[in-house]
Amino acid sequence: MEHKPVTVVACIKERVAGSSCAERGGVALADAVEQELARQGLPIGVKRILCLGQCEQGPNLRIAPGGAFFHRMTMDRLGEVVEAARAAYETARDQAP
Ligand code: FES
């Protein structure tokens with residue numbers, strides 16, 4: 001049986017007023033993490049969404065399902081997201097029936 005897919009959820013919300021993840025580089029971060037996951041051959045997708053409800057702490061990314069949140073993400077910390085996604089994927093794969 002297949003395990004539940006692991007995904008990196010990235011907020012790319014752009015607001016007219018107020019703080020948003022897109023304003024702080026969320027779109028480029030989503031693209032960069034997607035490229036790095038592919039470069040490493042990991043079968044983990046990036047789902048771009050419009051708000052994770054943590055707008056003041058953006059850019060925000062999260063490992064799904066139910067994984068770690070990454071706030072105030074920067075390009076030089078993207079490795080943290082990739083490694084967390086890899087760990088979640090390996091755990092899900094190893095626990096699959
Ligand atoms: S705008 Fe990104 S969490 Fe709300």
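Figure 1. Arg72 is exposed, because 12 other C-beta atoms lie within 10 Å and a residue with 12 or fewer counts as exposed. In this predicted model, Arg72 belongs to the loop between strand 4 and helix 2. The phi angle of Arg72 is near 50°, a positive value in a residue other than glycine.

**Figure 2. Met73, a buried residue in the loop between strand 4 and helix 2****.** Strand 4 spans residues 69–70, and Met73 lies in the loop between this strand and helix 2. Met73 has 26 other C-beta atoms within 10 Å and is therefore buried, the cut-off for burial being 20 or more. Leaving aside neighbours within four places in sequence, Met73 is in contact with Leu29, Pro59, Asn60 and Leu61. Ala22 is 51 residues from Met73 in sequence, and the two C-alpha atoms are 12 Å apart in space.

**Figure 3. Overall fold of the protein.** Two helices and four strands make up the secondary structure, and along the sequence they follow the pattern β-α-β-β-β-α. The C-alpha atoms fill a box of roughly 45 × 25 × 15 Å along the principal axes. The radius of gyration is 13 Å, which agrees with the value near 13 Å for a compact globule of 97 residues. Of the 97 residues, 28% count as buried. Among contacts between residues at least 6 apart in sequence, 63% join residues at least 24 apart.

**Figure 4. The largest nonpolar core****.** This core holds 19 residues, of which Val8, Ala10, Val33, Leu61 and Ala85 touch the most other members. Two or more core residues come from each of strand 1 (7–11), helix 1 (26–39), strand 3 (61–64) and helix 2 (78–95). Helix 1 provides the largest share, four residues. Beyond its neighbours within four places in sequence, Ala10 is in contact with Gly26, Leu29, Ala30, Val33, Val46, Arg48 and Leu61.

**Figure 5. Packing of helix 1 against helix 2****.** The axes of helix 1 and helix 2 are 10 Å apart and meet at an angle of about 50°. The two helices are therefore oblique to each other. Helix 1 passes helix 2 in a right-handed crossing. On the side of helix 1, the residues that meet helix 2 are Leu29, Ala32, Val33, Glu36 and Leu37; their partners in helix 2 are Leu78, Val81, Val82 and Ala85.

Figure 6. Val8 is 76 residues from Ala84 along the chain, and the C-alpha atoms of the two are separated by 9.4 Å.

Figure 7. Pro59 is situated in the loop between strand 2 (45–49) and strand 3. Pro59 is also among the residues in contact with Met73. Pro65 is situated in the loop between strand 3 and strand 4.

**Figure 8. Cys51, a partly exposed residue with a positive phi****.** Cys51 is found in the loop between strand 2 and strand 3. Its phi is near 105°, a positive value in a residue other than glycine. Cys51 has 14 other C-beta atoms within 10 Å and is therefore partly exposed.

**Figure 9. Arg15 in the loop between strand 1 and helix 1****.** Arg15 occupies the loop that runs between strand 1 and helix 1. Because 13 C-beta neighbours lie inside 10 Å, Arg15 counts as partly exposed. Leu50 is 35 residues from Arg15 along the chain, and their C-alpha atoms are separated by 9.9 Å.

Note on methods
Residues numbered from 1 in each chain as written. Predicted model: local features only at pLDDT ≥ 70, side-chain atom pairs only at ≥ 80, totals over all residues. Rg over C-alpha atoms; globule rule 2.2 N^0.38 Å. Contact = placed C-beta atoms within 7 Å. Core = buried A, V, L, I, M, F, W, Y, C linked by C-beta atoms within 7 Å. Axes fitted to C-alpha atoms, helices over the stretch in contact; angles between N-to-C directions. Parallel < 35°, antiparallel > 145°, perpendicular 65-115°, else oblique. Left-handed = near helix turned anticlockwise from the far one by under 90°.
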